Every structure is written in structure tokens, then in C-alpha cells.
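Please look at this protein with its sequence beside you.

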Amino acid sequence: MSSETPFQINIPDEKLSILRAKLELATFPDELQDIGWKHGPPLADMKRLAERWRNGYDWRKYEKELNQELPMFTRDIDVDGFGALNIHYVHKKSTVVDAIPLLFCHGWPGSFLEIRGMLPLLTSSSPKHPSFHVVALSLPGFGFSEVIVAHKLMIALGYNEYVTQGGDWGFLITRRMASKYGGKHHKAWHTNFPMADPPSWKSPLSFLSYLITPWSAEEKAGLERTAWYRTKSSGYFVEQSTFPQTLAYSFTDSPVALLAWFYEKLVIWTDDYKWTDDEALTWISIYWFSRAGPGAAHRIYFEVHGDFYNLGRTSYPTIPMGASYFPKELLLLPPAWLRRLNNVVIESHHRTGGHFAAYERPEALVEDVRKMFAKEGPAFAIVPGRSGYA
């Protein structure tokens, strides 16, 4: 296993020129009158964003900010069947020697960018809360290999025992890690995407309780949100998990196609988060300029197609779990379902926040993680010799 190499984002001028040239030639469709968001991103928004991306948006400014804020590295990780994968990740240590090693795992359509707001909070030192050594890897897009890559990365960094936090794909991957490496290496996990199965007749008492227990107002709202996602906002999942290459042609050739596909999710999957144009364009530019290309990130859906919801279910984790519920997450299921098959030691329920909680509400999510591992928390000192306090 190789040593880590410092990494700086430095997109060649040629790629910036190609992007602007493609945007210059962009052709837009028409739009039905007063349709709003019913069919997707409004035409006026798309034209404004594309024009800003072409003329006015300063990628070099944001590239510099990311390089200054995020200590980034690459390292080769050997994975059976794939050879050596060159993994990109953020790694920032706390000044607290006994800080808790924490792996942050993003989802789609996110990236390492999601750790940006949480990083200074998690690594900060205070007698009032635990501190963490934070690793945030860029998922390589090879299905189950993410589990192996993530674990091997932590071991390579000297973190033989660690905790995790993740949402979306990060939930699925860290759940599999908790099943595979739980106890010996993976000590506890926290998620803001708490998926769970309803009780079945195979567990008669749980199933009976499920049938006769009325839903709370929060649970009703959560189930309505889940139904909205499944009927109105999950079409992307079907295409990405069946024919990702079809999408890859569009995303690789057309920045407007990529912009529309992502901007839709950034808006409707958040809790009325006020994206600035440059903020959204930076998020999407990370994909456009990615080393594997803007079409590669969707292949993970195909890799685990048919086993998406089973990722990690072959053996439910027994290590301590924490869960944060945000009202505009995509799947919001009754917490009792999660507790039934997981060792849930702490829950937090928020009044605002959506799918990108790490980015939308970093302070709230960090506070939840801190409570879990604090001196008075249920997972205090779960990592031997690393209490998180000076």
C-alpha cells in the first residue's frame, strides 16, 4: 500500500476553455407557460446558470478556496478485482492527541465538498465537546469496493479503530462496514439517512405493534415525504441503475445536461436551502472536472442494482448507532423500525434540513455527532485510548 501524496485541485486552462466553448454553443428547449418546477428546472434558471458558468463564474477563485480550506491527499489502495485504485480524500487532524478517528462518507449527488462546513467544527478542541481526526474520501464508484476501500484507507492512515458518519450512499457503505468490520475496527456509526425495514409477519410481536400503533404527526409527515420521493423524484434511480452509460454520453459532452440533472436535486432535495448561483456551480463543477469524468459517478447504482436496499443487511450491525432525522430527507421511516434491528443508542429529530444535511445544517449534524461521543454520551470512549478530549 502506497504512502499518501498531497493533492491540490488544478484544472488545466484547456478544460476551462472547453467548458466555456460548450456553454457558448448550448441550445435550450422551449417551456410550457407557467409550468414552474413541475417538469424540472425552469428555463430561466437554466439559462441564467449556464450564462453565469460561461461568463462570470470564477472557477479559479473557488479552486483556490478549496485548496486552502481542505487538506487533500491521494493514495493507492489495492482492491481485489480492480487492482490499485488511486483514492482522493480529505484528511485533517485535530490538535487533540486523543481525538476520535472519524470517517465521513458522502452520497450522490454529493462529494467530498459536503465535509466543508463540518470539518472545522469536528476538529475543533474544547473541554465542552469531543474532537475528531476527520477523513472524508471521494467514493471511487465501484459498488461494494467502497466498503473495502474506506476501511483500508483508515487502516493505512494508522486508524485501526474508528467511527463513521454518512448519509445516502454513505449510510449504505458505513452500514456494510459496521457489519463487516464492526467490533474489531469499526466501533460505532452515525447516519443522517436512517433507512429501515417495516416489521414483517416473521416477527409476530413487532408486526402486531406495527399494525395497531398509530403514527405520530412527525411519522405521518415522514411517510408522506417518502411517498413523494418514490412517486415524484426517484426516476433518476431507475435510469442510473439500469443504463448509466446512456447518461454518461450526455453528461460528458454537455455541461447543460449535467447542470440540469444536478440542479434539480440540489433544489428539490433540500429544505428550501438558498443556493447562490456560484455555490451550485462549484458543486456541479466538481463533477464536471472530476478525474473519472462526469458520467462515472452513476455507475455505482448499476454495480449494486437489485441489492441496493440489501447493502449491509446480510448481517445487521451490532455496534452502537446514532441517527439524525431531518424533515426533508428523501426516505423518512418510523424510528421504531430502525431500533428493531439496530443498536440505536441516540436519536436526534430536527425541524429543518434536507438530504444534504452535512452541507445544509453542518452545525446541527456536528452537534448530534458530538452528543453521541461526548463524556455524557452513550458512545463515550468507544475507541480505546481516544476519548476525544485533551
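Which residue of β7 is the bridge partner of Tyr-162? The partner is His-186. This is a predicted model, where local features need pLDDT of at least 70, side-chain atom pairs count only at pLDDT 80 or more, and totals for chains, interfaces and linings use all residues. Residues are numbered from 1 along each chain as its sequence is written, and side-chain values use heavy atoms, with hydrogens and water left out.

**The sheet**

Strand β6 (residues 162–166) runs parallel to strand β7 (residues 186–191), paired over five bridges. Two strands pair if DSSP finds at least two bridges between them. Strands (E, at least two residues) and helices (H or I, at least four) are DSSP runs, numbered from the N terminus.

Nine strands make up an open sheet with mixed pairing. Their order is β1-β2-β3-β5-β4-β6-β7-β8-β9. At the edges sit β1 (5–7) and β9 (344–349), each pairing on one side only. On average, neighbouring strands are turned by 25° against each other, direction ignored. Helix α16 (residues 362–373) lies across β4, β5, β6, β7, β8 and β9. This helix runs at about 145° to β7. Axes are lines fitted to C-alpha atoms, for helices over the stretch in contact, and angles run from 0 to 180 degrees between N-to-C directions.

**Pockets and cavities**

Both terms rest on a 1 Å grid over the protein atoms alone. A cavity is a set of points where a 1.4 Å probe fits but cannot get out. A pocket is an open set with protein on both sides within 12 Å along at least five of seven lines. Lining residues have an atom within 4 Å of a point. Grid points are joined across faces, edges and corners, and a volume is the space filled by probe spheres set on the points.

| Space | Volume | Lining by class |
|---|---|---|
| Largest pocket | About 910 Å³ | 20 nonpolar, 13 polar, four charged residues |
| Second largest pocket | About 370 Å³ | eleven nonpolar, four polar, three charged residues |
| Largest cavity | About 90 Å³ | six nonpolar, seven polar, two charged residues |

Here Ala, Val, Leu, Ile, Met, Phe, Trp, Tyr, Cys and Pro count as nonpolar, Asp, Glu, Lys and Arg as charged, and the others, Gly among them, as polar.

The lining of the largest pocket draws at least two residues from each of β3 (83–92), α12 (277–288) and α13 (299–303). The second largest pocket has 18 lining residues, and Pro-29, His-39, Gly-40, Pro-41 and Met-46 lie nearest its centre. Helix α11 gives the most to this lining, with five residues.

The structure holds four cavities of 30 Å³ or more. The largest cavity is lined by 15 residues, with Gly-107, Glu-114, Gly-167, Asn-192 and His-355 closest to its centre.

**Two residues**

Is Lys-265 buried or exposed? Lys-265 has a relative accessible area of 3%, so it counts as buried. Buried means under 20%, exposed over 50%, and partly exposed in between (1.4 Å probe, protein chains only). Lys-265 lies in helix α11. Leaving aside neighbours within four places in sequence, its contacts (heavy atoms within 4.5 Å) are Trp-108, Pro-109, Ser-233, Tyr-236, Thr-270 and Phe-356.

Arg-351 is found in the loop between β9 and α15 (357–360). Arg-351 counts as exposed because its relative accessibility is 82%. Arg-351 touches Asp-271 and Pro-327, not counting residues up to four places away in sequence. Arg-351 and Glu-218 are 133 residues apart in sequence, but 9.7 Å apart in space, C-alpha to C-alpha.
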